[in-house]
Amino acid sequence: MQVNNKTQILGFLLALLAFSSCNQNKFESEQALWTHLKNDGNRYVHQKIVNDVSYTLTYRPTDILVKQELGNRYSEREVDSLRNKYKEFLYFNLSMSANNQELLNNKAGDRNAFGSMVTQLAFGMAEKVHLYSKTKDTIPVADYIYPRMYGMSNSTNILLVYPRDKKLMENDFFHFAIEDLGFSTGEVRFKVPTLPLKDEPELNFDS
């Protein structure tokens, strides 16, 4: 009888562990999801510092975009519709700072350099950032958003949008590269694994 009880308890614990494993990528709040992204062994956040210039590339899961578009009240149908809309693309936050300041702050003393940097950030970043598949195919930027912070942030932040190309996602990794933006860093490159993006974390919209 004791053996059967121990077997039942063991079976229950294994089932509980399996259930937890299946749901470890589903989070109750946006804050909890972001905490997971930042603490998940560099699978979603990639960082390099070159010549006092810091580059951080962070994957932005589909459900973050969905959550931002939904109102306080929504239906399951609305959630599914927005997921289908956003899952066609990959979203990355690119954060850059020089000496812990916005990139523009380091050009403030030179009017021509400042104006050139503003133009580059607002209109020319599609030519400065590159996403390469493992087989060296280039995936063009679908869109990007650069919000001017006017010195109110310690970093320059850009949201980059790429098509979720099937050939890209079939490989086990791809490369993301940033050309030298005038800070003598040379090209900065990140190797991004695709498995975490295929099995990306989600929000629990039922809670």
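Two strands count as paired if DSSP finds at least two bridges between them. Helices (H or I, at least four residues) and strands (E, at least two) are DSSP runs, numbered from the N terminus.

The structure is a predicted model, in which local features need pLDDT of at least 70 and side-chain atom pairs count only at pLDDT 80 or more, while totals for chains, interfaces and linings use all residues. Residues are numbered from 1 along each chain as its sequence is written, and side-chain values use heavy atoms, with hydrogens and water left out.

## The chain as a whole

Seven helices and eleven strands make up the secondary structure of the chain. Of its 207 residues, 41% count as buried. Buried means under 20% relative accessible area, exposed means over 50%, and partly exposed lies in between (1.4 Å probe, protein chains only). The chain exposes about 12400 Å², and carbon and sulfur atoms supply 50% of that area. Accessible areas come from the Shrake-Rupley method with a 1.4 Å probe; for residues, only the protein chains shown count as cover.

Contact means heavy atoms within 4.5 Å. Among contacts between residues at least 6 apart in sequence, 67% join residues at least 24 apart.

## Strand pairings

Strands of a sheet pair through backbone hydrogen bonds, either parallel or antiparallel.

| Strand pair | Bridges | Opposite residues |
| β4 and β8 | eight | L90 and Y162 |
| β7 and β8 | three | I145 and L159 |
| β2 and β3 | six | Q47 and T56 |

Strand β8 (residues 156-163) pairs with β4 (residues 89-98) and also with β7 (residues 143-145). Six of the eight residues of β8 are buried, so this strand is largely enclosed by the rest of the structure.

Is K134 buried or partly exposed? Its relative accessibility is 39%, which means that K134 counts as partly exposed. K136 has a relative accessibility of 66% and therefore counts as exposed.

K134 and K167 are 33 residues apart in sequence, with 9.5 Å between their C-alpha atoms. K136 and L168 are 32 residues apart along the chain, and their C-alpha atoms are separated by 9.9 Å.

Leaving aside neighbours within four places in sequence, K134 is in contact with N171, D172, F173 and F174. The side chains of K134 and D172 are joined by a polar contact of 3.1 Å. A polar contact is a pair of N or O atoms within 3.5 Å; within protein, one must be able to donate a hydrogen and the other to accept it, and residues adjacent in sequence count only if both atoms are side-chain atoms.

## Two residues with positive phi

Most residues other than glycine have a negative phi, and most peptide bonds are trans. N51, which is not a glycine, has a positive phi of about 50°. N51 is found in the loop between β2 (45-50) and β3 (53-59). These two strands form a hairpin with two residues between them.

N100 is a residue other than glycine with a positive phi near 60°. Its place is in the loop between β4 and α5 (111-123). N100 is exposed, with a relative accessible area of 55%.

## The largest pocket

On a 1 Å grid over the protein atoms alone, a pocket is an open set of points where a 1.4 Å probe fits, with protein on both sides within 12 Å along at least five of seven lines; lining residues have an atom within 4 Å of a point. Grid points are joined across faces, edges and corners, and a volume is the space filled by probe spheres set on the points.

Which residues line the largest pocket? They are T62, D63, R83, K87, R164, M169, L197, K198, D199, E200 and E202. About 190 Å³ of space lies in this pocket. α3 (62-69) and α7 (195-198) each supply at least two residues of the lining.
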